[in-house]
Amino acid sequence: MPVRQRATEPVQARAQATREELITAAAELLGEVGVERLSTNLICARAGLTPPAFYRYFKDKYAILEELGERLMDAQNQAIGRLLQDETLDVTEADISQLILDSITITRAFPGGPWVLRALRAVPALHHVRLNSHRKMSEQVAQSVTARGAPSALVKLQARLLIDMGYAAIELAFDEPRLKREALAQTAAQTLAGLVAALQAQAQAQN
C-alpha cells in the first residue's frame, strides 16, 4: 500500500507545537479508547483545538496514527541499529534477548505504545508503516553481513525472517502480558540465534 499523503509539516515553532499537541492527544486517547473509538473530534477536544486546526496538519485520524507508528518504529529501530556496527553481525544470544527486552521497554514507554503497535497490525491503512520499517531494517541487516557485495536472495530472506520473528516476540509480550518478559526474550533469542548463525555463515562465504 502506498504511503498516505499528509499535510506539509509546519516550519514555524508555534505551528510545530500545535502539531505536537495533536499527536500527544492522539497518543493519550489511543490508550484510553482504542483505535475504533478514536476520532478527530476527541483528539481536538483533548488538545483544546478546533477541527480546522487538526485538518491543517492531518488528513484524518489515520494520518496521525501513521505519524505515531513511524515514530515508534524509528525508536525501536535505533535499538537494533547498534547491533549492526560489525559487518559480520557478531551478536550473541544474550544480545538478541536484551534487544527484545529493550524494544519492549521502548514500546511500553512510548505514548500509547502498545496501542500503536496493535494499530499497525490491525488497521489495513497502517500496514505499510510496519512493512516499510521491516523492509528497511532487514535490508540493513543483509547489508551489514555482505559489506563487500550485494546480498544474495537467501541472505535477504534470512534477514527478513530475523526481523519479523523478533518483532513477533515483541508483539506477543503485549498480546499476552501474563508471560514473563525475560523468559519470552530468552526463548525467542534461542530461535533467532539460529538465523544469526546462518547469516554469519553467509557473511564468511561471501566476504
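Predicted model: local features only at pLDDT ≥ 70, side-chain atom pairs only at ≥ 80, totals over all residues.
1. The chain has 9 helices and 0 strands.

2. On overall extent, the C-alpha trace spans about 60 × 40 × 30 Å along its principal axes. The chain has 207 residues, and 45% of them count as buried. Among contacts with a separation of 6 or more, 75% are between residues 24 or more positions apart.

3. Next, the empty space. Rolling a probe the size of a water molecule over the atoms shows where empty space is left. How many cavities of 30 Å³ or more does a search of the whole structure find? The search finds 1. The volume of the largest cavity is about 300 Å³.

4. The lining of the largest cavity is made up of 21 residues. Those nearest its centre are Ile80, Leu99, Leu162, Ile163 and Gly166. By class, the lining has 15 nonpolar and 6 polar residues, and no charged ones.

5. Which helices supply the lining of the largest cavity? At least two residues each come from H4 (61-81), H5 (93-109), H7 (127-145), H8 (153-175) and H9 (181-206). Helix H8 gives the most, with 5 residues.

6. The largest pocket is a separate item, with a volume of about 150 Å³. It is lined by 10 residues, and the closest to its centre are Glu70, Asp74, Val129, Asn132 and Ser133. Helices H4 and H7 each supply at least two residues of this lining, and H7 gives the most, with 5 residues.

7. For the largest cavity, the count of charged residues in the lining is none.

8. Helix H6 covers residues 113-122, and its axis comes within 10 Å of the axis of H4. The two axes cross at roughly 105°. Angles of 65 to 115 degrees count as roughly perpendicular, so H4 and H6 are roughly perpendicular to each other.

9. Which residues meet where H4 and H6 are in contact? From H4 the residues are Leu68, Gly69, Leu72, Met73 and Gln76. From H6 they are Gly113, Val116, Leu117 and Leu120. By class, this contact has 6 nonpolar and 3 polar residues, with no charged ones.

10. Is Thr18 buried or exposed? Thr18 lies in helix H1, residues 13-37. Its relative accessible area is 16%. Buried means under 20%, so Thr18 is buried. Leaving aside neighbours within four places in sequence, Thr18 is in contact with Leu49 and Tyr57.

11. Asp95 is found in helix H5. The relative accessible area of Asp95 is 31%.

12. A last point concerns distance. Asp95 and Val145 are 50 residues apart in sequence. In space, the C-alpha to C-alpha distance between Asp95 and Val145 is 17 Å.

Note on methods:
Residues numbered from 1 in each chain as written. Heavy atoms only, no water. 1 Å grid on protein atoms, 1.4 Å probe; cavity = no way out; pocket = protein on both sides within 12 Å on 5 of 7 lines; lining within 4 Å. Points joined across faces, edges and corners; volume = space filled by probe spheres on them. Helix = DSSP H or I, 4+ residues; strand = E, 2+ residues; numbered from the N terminus. Nonpolar A, V, L, I, M, F, W, Y, C, P; charged D, E, K, R; others polar. Axes fitted to C-alpha atoms, helices over the stretch in contact; angles between N-to-C directions. Parallel < 35°, antiparallel > 145°, perpendicular 65-115°, else oblique. Contact = heavy atoms within 4.5 Å. Buried < 20%, exposed > 50% of the residue type's maximum accessible area, 1.4 Å probe, protein only.
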